[in-house]
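Subject: Structure handover and notes

Dear colleague,

I am passing on to you the structure below, and I would be grateful if you could look through it alongside the notes that follow.

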Amino acid sequence: MSGPTQGWASPDGDAAGTGGPPQPGPAQPQPGWGPPPAGPGYPQVPVAPRPGVVPLRPLRLGEIYDGAFQAVRSNPAAMVGAAAVVVTVMTAVQLVLQAWMGGSLDRFLSAVEEDPQAVPDTGLIADTLSTTGLAAVASQAVSVLALSVLTAIATVVVGSAVLGRRTGGSELWQRVRGRLLPLIGLTLLVGLVTGGVVLAVLVPGLVVVLVEPVVGTVLLLVGLLAALVLGLWIDTRLALAGPALVLEEQRVLASLRRSWRLSSRGLLRLVGIRVLTYLIVLVTVAVVAAPFQLVGSLFAPAGGDLAAALSPTLPQLLLTGLGSAVAATIVYPFAAAVTALLYVDQRMRLEGLDVELARAAAEAP
């Protein structure tokens, strides 16, 4: 392992993440970075250096979003181009899996509709359940792989863009390929932890509702609210692990600890920015994919039964998949860039990273 890129080492100087906790950042602003003093006759406070897409100081919300857009625009081949390739492959695989799952469901529902009073064949039930389960797991695995690749690419590009540099294709691949397997493991681990906590909160309501529907429904509603809050909390506390793993070349567990430390202050701000980013992503996906879905609905199967709804035609699948691919190509790089800049911002706020980055930007060619 070559060690973290210049300027991105953790404060304890341990790229493997086995050292002690990072030292807290200074309680007061760096000299020359505070608010201008009141009154006439004072010299003008120097502006924070900005060698790249964001100024090297704690960032405002608009600067984070502007920096994310600028990072995408400054290196479109790496960000949008790579996202287009990865998302296209992911969508193609998921369409095949969806068609496979839809065919299995269609056979099962057709058998039920032929004789609603008859008990479905156990072999057919087993085949439907196994096909649906395998397709869902495989689709999720493909999504995790694609998200890991795009997160690694966006993090490296943003790390260079903050210093005012561009990362070429060969250099980008060299820096990304060694981080892919750990990042995939990290993504899976975070998903398992978050999903496990959410499921643990929902299980009591799901169990009680079978015995006492009224009490169980209330408990389930409370559980849903608690699951939403806990899910956002855990997601935010662990969101900075990916950038730490890529830029600092931390190990998986060490990157989780780094994210937990970095998100220990300003948590509500981080949650708010991530929720707003989720909403922007959802709205953008809906707007971009809506025309494709509208045209695809013209090829929907005749009839309004459940079998027709679960068995879309090939043109409908292709158009829906194309809309999803176009939307994901647009929003994935932006969302990953926002996360990377949140990592940069937290380190500048807590660890004085702005000084190290300014030094690295001045020293490197």
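Helix H4, which covers residues 169-211, contains 43 residues and spans 59 Å from its first C-alpha to its last, close to the 63 Å expected at 1.5 Å a residue (the expected span being 1.5 Å times one less than the number of residues). Helices here are DSSP runs of H or I with at least four residues, strands are runs of E with at least two, and both are numbered from the N terminus. At Leu180, shortly before the proline Pro182, H4 has a kink of about 45°, where the bend at a residue is the angle between axes fitted to the seven residues ending there and the seven starting there. The buried residues of H4 include Leu172, Val176, Arg179, Leu180 and Leu183, and also Thr194, Leu202 and Gly205; buried stands for under 20% relative accessible area, exposed for over 50%, and partly exposed for what lies in between, with a 1.4 Å probe and protein chains only.

Please keep in mind that this is a predicted model, in which local features need pLDDT of at least 70 and side-chain atom pairs count only at pLDDT 80 or more, while totals for chains, interfaces and linings use all residues. Residues are numbered from 1 along each chain as its sequence is written, and side-chain values use heavy atoms, with hydrogens and water left out.

As for the protein as a whole, there are 11 helices and zero strands. Of its 365 residues, 39% are buried. The protein exposes about 18,900 Å², of which carbon and sulfur atoms supply 70%; accessible areas come from the Shrake-Rupley method with a 1.4 Å probe, and for residues only the protein chains shown count as cover. Among contacts (heavy atoms within 4.5 Å) between residues at least 6 apart in sequence, 75% join residues at least 24 apart.

Thr91 is found in helix H2, residues 76-114, and counts as buried because its relative accessible area is 10%. Leaving aside neighbours within four places in sequence, Thr91 is in contact with Gly321 and Ala325. Arg274 lies in helix H8 and is likewise buried, with a relative accessible area of 12%. Not counting residues up to four places away in sequence, Arg274 touches Asp235, Thr236, Ala239, Thr339 and Leu342. Arg274 and Val338 are 64 residues apart in sequence, yet their C-alpha atoms are 8.5 Å apart in space.

Next come the charged pairs. Side chains of opposite charge can pair when their charged atoms come close. A search of the whole structure finds 12 salt bridges, each being a side-chain nitrogen of Lys or Arg within 4 Å of a carboxyl oxygen of Asp or Glu.

Asp345 and Arg269 meet in one of them, at 2.8 Å from N to O. This pair links distant parts of the chain, with Asp345 in helix H10 (residues 314-351) and Arg269 in helix H8, 76 residues apart. Asp345 is buried at 0% relative accessibility, whereas Arg269 is partly exposed at 26%.

Arg258 forms another salt bridge with Glu248, the closest N and O atoms being 2.9 Å apart. Arg258 sits in helix H7 (residues 252-262) and Glu248 in the loop between helix H6 (241-247) and H7. Both are buried, Arg258 at 3% relative accessible area and Glu248 at 0%. Glu248 and Arg258 also belong, with Arg347 and Glu351, to a network of salt bridges.

In a further pair, the side chains of Arg60 and Glu63 meet at 3.1 Å, N to O; Arg60 is exposed at 53% relative accessibility, while Glu63 is buried at 14%.

Lastly, there is a nonpolar surface patch of about 410 Å², made by Leu61, Leu276, Leu279, Ile280 and Leu282. Patches are made of residues with over 30% relative accessible area and no salt bridge, like charges being joined within 9 Å and nonpolar side chains (Val, Leu, Ile, Met, Phe, Trp, Tyr) within 5 Å. Helix H8, residues 267-297, gives the largest share of the patch, four residues.

With best wishes
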